[in-house]
Amino acid sequence: MRKILLIFVMCITLIGSAFAQQSVTGTITGDDGLGIPGVSVIQKGTNNGTVTNVDGNYTISVPSDAVLVFSFVGMTTVEETVKGRSKIDVVLLSSNIGLDEVVVTAMGVSREKKALGYAMSTIESKELTKVASTNFATALYGKAPGVRVSAAPGGATSAVNINIRGVNSITGSSQPLIVVDGVPIRDGEVNNSNYWGDQRLRGNGLIDLNPEDIENISILKGASAAALYGSQAVNGVVLVTTKSGKGTKGFKVDVVTNVSVDKVAYLPDYQDKYGPGYPTFIANAGQDADGWLWRDLNGDGVKESRGHVGTNLNFGPAFDGTTQVMAWDGIVRPWQAQKDSYASLFQTAVSSNVTAAVSMGGENGNSRFSLTRQDNEAVSLNAKNARNIANLNTSYKLGSKYTIDFVLNFINQTTHNRPYSVDRLWNNFGGMMTRFDNGEWYYPRYKTSKGYKYVTGTGQSLTPDENIIYGGYRGDVLDYLWSVNEVQLDETSNRAIGNLTNTWQIVDDLKIRARVATDYTSEKTESANPTERPLAFGNSGGFSLASFQSTILYGDVMATYSKKIADDYTVGAVGGYTAQQEKVQNLSRGTNGGLSTENLFDVSASVNTPNSGSSRSTLVKDAFFGTLNFDFRNFVFIEGTVRRDRTSTMNPDNNAFVYPSVNASFLFSEALTMPDWVDYGKLRASWGIVGNYPDLYRANIAYNQSTLGVQAVGGNPVLYTTLPTSFGNDGIRPEEKNEYEFGLEMNFLKNRLGIDVSYYNAKIQDQILPLTTAISSGAGSVLTNIGTLANSGVELMVRAVPVQTKDFRWEAILNFSKYKNVVEKLTDGADELLHADYDGGAAQLRSVVGQPMGDIYSHPVLRHENGGMVVDPSGLYTVDANNWIKVGNAMPKATGGFLNTFTYKSFTLDATFDYRFGGEIMPTAINWMISRGLLVDALDKRDEESGGLAYYVDANDVKTLTSGAAGPNGELVYHDGRILDGVKADGTPNDYVASSSEYYWITYNWGGPQYSPNTRYELFVKENSYVKMRELVLRYALPKSWVSRIGLSNLEVSAFGRNLFFIYKTIDHMDPEQATAGSRWFQTVNNVGTNPSTRTFGGSLRFSF
Amino acid sequence: MKNIFLILLSVMLVISACTTTEFEEAYPDPSKISFTTVEKQFTGFLQANKDYVVPSYWNYFVVYRITANRYTQSTGWVNATNQYVPGGGAVNDRWGNFYDFLSQYREMQNIYEGLSDDDKADRRIYMIAATIYLYDAAQKVVDLHGDIPWSEAGMMSANGGDYTISLPKYDKSEDIYTKMLDDLKGFADEMNTITIKSGIQAGFKTQDIVNKGDLTKWRMYCNSLRLRMLTRVSDVAVFQTRYTSEVNSILGNPSSYPVVSANEENIQIKIFDLNSPINSKGFRSGLEDWGGNYAGKVMIDFMKANNDPRLPVMFQVGDSASVGEYYGLDPLATIGEQEAFILTNKLSLYNWSTISRNEFFPGVLVNASEVKFMAAEGYLNANNDESAKAAYESGITASIKNYYLYRSVSNNNQSGEVTPPTDAEISDYIAQSQVNWNNATTKEAKMVLIGMQKWVDFSVIQPLENWAEVRRLNVPTLNFWVDQADAQKQPPVRWQYPDSEKTYNTENYNAVSGQDKITNKLFWEVN
């Protein structure tokens, strides 16, 4: 669009005549140091002008006192007084606040940015591609105020969440609508927090889009901006415009290639002092006083072999590096901590991609065609993904009145072994390797020499000698390695997003546009589970096939009318209709009862009749919409919109709803006289309503039906019905978000400083949620309209060029958004809603009226009347099972980013930070690792040096301090005692001695008071604030003169890093982003990770000719 | 050009416009139906708890392995800290399934109540059969928890989805027993005179996956359940009169109140087709995974000492043990000793071919052996020693033969052939010192004999009945490893309520929270 205007400007300026008195030459460069072709250079107040050539050079003849105006659409205009100079070089800054910039808004309507009465963030192509992110969303970290991105671990195939202006739904989807070239696409949600439901980490639809094919992204944040999308817009809208050939003359070829490496990062800080084991007073496993477990291996009755207790508690003998101890795999090793025990379960992932794009343009149209090949690996062993992406974007003019646009985006993708969840290794005791254990030790043991799955103990095996017989191994690690190495999952998908648009300019003031589009995905999955044991011991393994097809069919028709009524007034109107149908079909078939022949991977190898499954769904929605806008003297703009929506997910008797909005913009810098240092000023105000409908088929109540087959000789098939325990509700109403917003945009100091600030206030009423009830009522949940949320916040973007010299330039953007959420009302006078109860009543996630959603509650320590914390005879604090206290809240308070570009000659350094302040998470597994004595946190008072007290344990299990070498009856003396600050049940000062091993083990154990009366989940909840070095890029553009000699028009090399380090972080032992285990906010509260976080390093090469 | 465009535009409009019918059609899930019948819902109800009747992975691995199978020492296991608190998964899932099952029953009631009087009369047998089956499952839940939501439970659908009035109160366990006993007595009488139209009977035969439409078996099931419930509360003062009169009436009038008295009459869900959803394919992983099939020392020693003919069919020797060399795991040994013993490969396991790998293993509801043992107790209480002895001995015989019957339907032979014992061998067993009725001189001693036989008979096949009777009779006397590291140092005597009750049914839960301790005995555990 920008380039079309440019051509237009060029035509006009070329016609203008020149009055030559002096020649001025110069080079116009962008903030990247590269010359900009086609910049308009005009003598102010005249028609005299020129444009820059391909290298950004210009020559113009002007009077010596002339003022030159350098302008380029999308960049800030610069004025320079000639003052007799013959050479004037100018750097143009790209500008989001260009006066004449035209942007694409809702429903594909183009509007001047200055006319918008609401906030909208636009992110350009360059920002999306500089660190070679495999999808556009992970390139958005910190780049738009009010937009929060969080990626589930797992690399290129894992889902990415986008939250716009906080969370708008108590339990529903909080993901925005994604619109590509005017058409909504399939995105979807994932839940990776349910390990037993699915062990592979799933992705969502937006990650298929190739950043290299994207021209820009506009984010519609508020209700007014998104109101034309009505019931789909409660979470905002992301408008993606793909690259086209517009503005290209003749041919142009762009090539970019990247290579990057992902390494596992931010693993927990393990302690290296103590090995597995525990004192005998905890449990008698037959260990000796020093904690060793001796075994008789040669059957002579003498226990000669030194081993350790097969526990995951690490309160055993201190590492000395010399004592020879037999590990669980039967190998004797020196007793020392295993440094990379977890890292060895993952691989270094190497990813690469290449994109080549050809653009061409001429009188009757233009087109761009690109091909991309991405090869992505993940740190999960054997996980690979390859994408072939073709993108075609053409526009043809048929005569002067008709235009046909056709866009096709085709994505062919194969994924081999989608990353496997490490949930069992991290969020679970059964997978926590002791400090005397190592992932490497498992590789030779997870599979027998005959290729079968490992066998433990006395289990049946063809190779009983290989059975894993000594304690201390982690079954979950063995299972994990079997799953990632032996189980093969192959997915192949083809996705086509296509869009055909016809535009007919009927008369000058009226045009009509019609569009049909589709987003079609066909995916096939083959899953091969190898035979786990010999056939003689029973059938095992399996094979299954699945296919998934999703089709979105979309159409709209829209008439646009615009009329200048008088010199000062212009009115415009748009009216249209849009309809959409989404169909999904799933089919699967797989073996049942194992494979009949070892490792024969086919459904025909099924032992019993193969299993099969199928499901399908249809969603229909349509809407009429219209807008009316009014513009007065180009400085007052008012627009009103309305949309009437229908959807099939609502009761057909009551499925239509109307969504209005209005917005206004006032350019006071045009209307009023401003001081010199103010370049631009605009006030915005808007109001609108958007909504949200219940999920597909959730409202209707119906019986499940099925068959048991024939159950007797000569019998008939036995058919049955059951009533689902998730209850629907035919009377459900749509959620409704009512939002108003004010904003101010200003540029100062010749555009070296700009601000854009917004305040918004939204109420979201009639929240739809499956309200959990006690199953004893006859249903586990009931779909209900419950409550009102109030969201308000401030978004601020400050853009500045703090330093600019001839060779050096620093440009910085600070994005900040503060967000406040309050639960205003819940239904039926209830004052709180429970989202989750964790670990048997240990902690709860609640939304309480008057508070932000997502309060984390836990039990406090019991207090005596005298105020002292009560210690029970075990020496540990007693948790008050009858009381709950608020210990945190899951909502972040402020988020944003700090973007810097430093340019020195042809070198550019981009440094992007993103940050989050406030809000808490509960990384339970990190605490469970403390409870197992695995982390450095569990070292205090473990010995005399770290402050441990000496005590002995008598026959009644009572611990008494001592200074002697042995207890009165010769008892062993331990040195890890502590006396907690508090009182005994009778109020007297505490003198019960606790051992530090019990202190850590029990205080940080699993379970609520009924399971573990001394476990303190209040300690588990930690503030989640951080400032992260998200992207660092060093680029070098080779000199034009050199580049042109090899036939290129430009050549750039860069080195980059992603997720490099933290400047500040409040959560230990993990990357806080690892907590993202699903698309919904409550799936990001207590998980410690479904895959490790990674650091990425890479390089890229980019050239054009 | 203009015409072409108009055509194009109209085609696009036609493609994209939606009709009202499309919205109506796309509202309901195409895989579901909006209407059902008493018959279909009856089967839906029966199968809703099939995983807790027919051996399933979940029930054995998640529920029984860490609870009843250990509390009764039916299995051996390696001791570990925190082992005596029933896992949240086991408690929540079993509870959740029961109330899902109950709400299917309530829905069937709703549908039934909507019928005309004639249709109701025709389908009365469905309601009776469903209620009997419900009470069987309900008694197990009461015996786990004590007071439970009952009379008001499962009403969400009847209340039109209004959750605010659907949260149920807890009924006293004694009252639930009373209500069930009253109803079952009524059904027993009613079924003596009921007539079922042949058209209804044809459908009942298909839909009834338990007794295949056999009215006599429903009568036996009903009276056997009465016997089971009465026996369970026999020591509770307020039930004693009722116990005496009703048990005597059942035992004295076999034609009016038939009970299960031979293995052919056992009430069970038989596995007919492994490819149907009703099968025992999950039994293998459910029982065998993580050593859930280890033999316990007390049971093995008792069986060995008396040369029990069930030994070779119930258990199999360890890989390194010779034929007939049975060992169980000692629950009182240290963890290291237990692990070391397991490594010798001499530990006996529950027989793969008879039990865990027998994919045709039926879903056991009531067995003749159990009924005989209850009859023996009934006669003993009536001071009829002769009948008590006969019932006791025929209970043992039925139990022995039944284990060989399980084996006879198995599709697995990995544990090797077994030969059913001859009558003489059974008689030899009955004459063994710890089995012989005549060796027991007191009523208490006789109750020990009955209890020991029940215990072996139930083993891992009827774990909940087993745990209930072990608690009621304190037979056998079992000793457990003391868990020093946990507040709960010994096995519990009941299950606590699941978290969902505390959280979502808080008001009603609070009324019973005082008794929600795993050390709180059930009302019938008065010894």
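User: With a salt bridge taken as a side-chain nitrogen of Lys or Arg within 4 Å of a carboxyl oxygen of Asp or Glu, how many salt bridges does the rule find across the interface of chain B and chain A?

Analyst: This is a predicted model. The side of chain B that touches chain A does hold 17 charged residues, beside 39 nonpolar and 33 polar. Across the interface, though, the count of salt bridges by that rule is zero.

User: How many residue pairs are in polar contact between chain B and chain A?

Analyst: The contact takes in 89 residues of chain B and 97 residues of chain A. Counting pairs with both residues at pLDDT 80 or more, the polar contacts come to 22 residue pairs.

User: What area do chain B and chain A bury between them?

Analyst: The size of an interface is often given as the accessible area lost when the parts come together. Here carbon and sulfur atoms make up 63% of that area. The total for chain B and chain A is about 7,900 Å².

User: Which strand of chain A is joined to β1(B)?

Analyst: β1 (32-33) is among the elements of chain B that give two or more residues to the side touching chain A. In β1(B), B:I33 stands opposite A:Y703. Two bridges make the antiparallel link, and the partner in chain A is β34 (residues 703-710).

User: Which residue in the turn of the hairpin of β34(A) and β35(A) has a positive phi?

Analyst: Five bridges join β34(A) to β35 (residues 717-722) of chain A, antiparallel. A:Q705 stands opposite A:T721 in β35(A). Six residues lie between the two strands of the hairpin. The turn residue with a positive phi, about 70°, is A:G714.

Terms used:
Residues numbered from 1 in each chain as written. Chains lettered and ligands numbered in written order. Heavy atoms only, no water. Contact = heavy atoms within 4.5 Å. Buried area = accessible area lost by both parts, 1.4 Å probe. Polar contact = N/O pair within 3.5 Å; in protein donor to acceptor, adjacent residues only side chain to side chain. Helix = DSSP H or I, 4+ residues; strand = E, 2+ residues; numbered from the N terminus. Nonpolar A, V, L, I, M, F, W, Y, C, P; charged D, E, K, R; others polar. Pairing = 2+ DSSP bridges.
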